Amino acid sequence: MPTADFLYVAYCKLCTREQMSHIDQAGGRFITVLPRTRREDGQLRDWMSTSAPEFTEALRRPGKRHGDPEQVWRVAPAPFPSSEGHRIVWVHSSVKQQRDETARHERIQRTLAALAELNERLAGPRARITTRLAAQDAAEEIIDSSAAEQYVSFTITETIEERFRQEKRGRPGKDTRFRKLTKTRFQVTPRLDADTVRRDAASDGCFPLITNTDNLS
């Protein structure tokens with residue numbers, strides 16, 4: 001039989017205005033994850049980059065393997081409600097913090113390594129990329145595929161190599177004529193956005209929960 005004290009706990013698919021309003025207006029209670037696509041998530045991460053939430057420890061467990069650090073979850077009230085007026089709680093997980101930091105570092109390093117490999121090909125004797133547009137497309141494809149576009153950008157520099165070649169075969173002499181040959185070379189210089197890295201690192205391990213309950217700790 002339905003009861004009024006039922007608490008609906010769900011993942012982020014519950015977090016739509018229609019579904020939350022339906023539960024709330026019927027007197028039900030819910031707790032769900034606020035997805036990254038919601039505007040409030042970005043606002044919370046911006047706030048976190050300049051503020052220090054007053055976290056309270058909520059749960060502590062041993063590490064999964066011997067020697068692993070303890071797994072700790074902490075919570076803090078968000079400084080503002082959702083657009084629907086519901087309560088938001090900011091959760092920090094020590095395990096997720098390590099995972100977020102590692103994932104970002106690996107994406108950045110893969111991107112920088114791939115751009116360095118592209119530069120080696122651009123500088124090679126048989127470079128197939130012969131236009132600035134082609135070099136730009138190759139660099140953008142690397143950054144897009146590694147999902148590091150918010151951290152790594154690039155500039156392209158162009159240099160002209162000159163060399164001279166005899167017009168005819170044979171040993172050169174005083175009457176030998178030479179022809180000047182030119183080749184355009186491109187180099188991709190990556191740039192790491194340290195400010196964005198610091199901004200995102202400030203909320204490593206964090207995710208928001210949204211609920212219509214005000215009487216739960």
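**Entry 1: K96 and D100.** I looked up this pair in the predicted model and found that their side chains meet in a salt bridge (2.9 Å, N to O). A salt bridge is a side-chain nitrogen of Lys or Arg within 4 Å of a carboxyl oxygen of Asp or Glu. K96 and D100 are 4 residues apart in helix α3 (residues 94-123), so about one helical turn separates them. Helices are DSSP runs (H or I, at least four residues), and strands likewise (E, at least two), numbered from the N terminus. I noted K96 as buried at 18% relative accessible area, and D100 as partly exposed at 21%. Buried means under 20% relative accessible area, exposed over 50%, and partly exposed in between (1.4 Å probe, protein chains only).

**Entry 2: R104 and D204.** I found a salt bridge of 2.8 Å, N to O, between these side chains. The pair links distant parts of the chain: R104 is in helix α3 and D204 in the loop between α5 (194-201) and β8, 100 residues apart. R104 is buried, with a relative accessible area of 7%, and D204 is buried, also with 7%.

**Entry 3: D195 and R198.** I recorded a salt bridge of 2.3 Å, N to O, between their side chains. Both residues lie in helix α5, 3 residues apart. D195 is exposed at 52% relative accessibility, and R198 is exposed at 53%.

**Entry 4: conventions.** Residues are numbered from 1 along each chain as its sequence is written, and side-chain values use heavy atoms, with hydrogens and water left out. In this predicted model, local features need pLDDT of at least 70 and side-chain atom pairs count only at pLDDT 80 or more, while totals for chains, interfaces and linings use all residues.
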